[in-house]
Amino acid sequence: MLRKLLAVALTVLATGTVAVVLHEPDPASADRRAREPIVIGHRGASAHRPEHTLLSYETAIALGADYIEPDLVSTKDGVLVARHENEIGGTTDVDSRPEFAARRTTKTIDGRPVTGWFTEDFTLAELRTLKAEERIPDLRPDNTAFHGLAQIPTFEEVVQLAHRHGVGVYPETKHPTYFDSIGLSLEEPLLEVLNRYGWNGRRDPVFIQSFETANLRELRRKTRLPLIQLINATGAPYDWVAAGDPRTYDTMVTPEGLREVARHADGVGVDTRRIVPVGPDGRLLEPTTLIRDAHRAGLAVHTWTIRNENSQLPVDFRLGDPANPVFPRAMGDVAGWLDKLYRLGLDGVFADDPGVARAVRDRVFSDR
């Protein structure tokens with residue numbers, strides 16, 4: 001099975017096409033599969049295609065992702081689209097489009113000034129005229145080959161794709177306090193799309209995630225779908241900051257904080273440094289008790305983000321000569337990093353390369 005998956009993955013990466021590669025697990029392995037960590041295609045397969053495009057999501061599915069993850073923002077006319085941020089100057093060709101030059105502006109998003117072009121200032125029809133681009137071309141120059149080939153997808157299109165291929169969706173509501181403040185609430189259209197495709201129950205293949213808390217509490221009252229509280233390595237949920245609440249994300253990862261999170265969420269999505277801290281030299285320290293504490297509170301634990309590049313890995317898993325100019329974007333020992341994380345007992349990983357995450361998971365759990 002694994003050989004077949006990897007063979008198809010190589011075909012996908014070489015040709016840019018997507019074959020139907022999904023398969024049902026054999027009955028003998030069904031129970032074991034249910035206990036294995038899930039693989040979430042982070043913004044699709046962003047190691048191989050520009051993030052948050054159908055090209056990226058299709059590739060993630062072909063590489064074996066269990067879930068695909070769209071970050072959601074709103075258009076001017078209230079349609080949810082998949083973008084890393086509502087500012088799209090770095091992820092589309094809008095900066096080269098003279099007809100939209102006058103829409104460049106500065107806004108305050110989550111308390112910080114941001115200058116650029118924003119989805120909420122465009123109708124969906126206008127956004128459809130733009131082309132998606134690689135957000136970090138210096139790190140992923142190969143992805144620039146796909147510039148001009150993809151539009152910004154709607155959330156509904158991502159759900160349709162997931163339905164068609166039998167995988168789940170893991171949407172994140174981006175800047176919910178901000179979007180509420182401008183009359184473009186994200187939660188209602190999110191649930192409307194999911195309901196339209198029959199996804200509204202606890203066992204449906206959906207996780208809804210947010211770095212804020214108020215919108216998750218609102219969603220808890222409106223849906224039975226699983227909710228995930230995102231926890232950053234530093235800082236605090238913006239809704240707490242806006243309300244003058246002095247608590248931070250550190251509060252959430254204490255045993256008491258995790259029990260509080262369990263009142264409005266079914267799991268936590270944490271920065272890997274919350275599970276295995278990094279020392280001043282960039283090397284890993286001893287794992288924390290977060291996974292154990294979260295499980296005791298009845299919470300699943302998913303971690304983000306597993307990336308291939310040396311510059312994105314702990315020093316312990318970097319490969320090659322640091323003096324080489326291509327060292328930062330060269331592939332490190334991402335398989336070793338994944339192996340370590342899987343063996344700590346977590347329940348899911350967000351991976352830029354879901355093919356590697358799937359292959360390592362299958363190897364780690366093949367004898368369990």
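Select Lys107 to begin: at 16% relative accessibility this residue counts as buried, a class that means under 20% relative accessible area, with exposed over 50% and partly exposed in between (1.4 Å probe, protein chains only). The model is a predicted one, in which local features need pLDDT of at least 70 and side-chain atom pairs count only at pLDDT 80 or more, while totals for chains, interfaces and linings use all residues. Residues are numbered from 1 along each chain as its sequence is written, and side-chain values use heavy atoms, with hydrogens and water left out.

Lys107 lies in strand E5, residues 105–109 (strands, E, of at least two residues and helices, H or I, of at least four are DSSP runs numbered from the N terminus). Next, display the side chains of Glu120 and Asp121: that of Lys107 makes a polar contact of 3.1 Å with Glu120 and another of 3.0 Å with Asp121, where the term denotes a pair of N or O atoms within 3.5 Å, one able to donate a hydrogen and the other to accept it within protein, and residues adjacent in sequence count only if both atoms are side-chain atoms.

Now select helix H14 (residues 334–342) and helix H15 (residues 354–364), which pack at an angle of about 50 degrees with their axes 9 Å apart; axes are lines fitted to C-alpha atoms, for helices over the stretch in contact, and angles run from 0 to 180 degrees between N-to-C directions. Finally, colour the residues that make the contact (heavy atoms within 4.5 Å), including Leu338 and Tyr342 of H14 and Val360 and Arg361 of H15.
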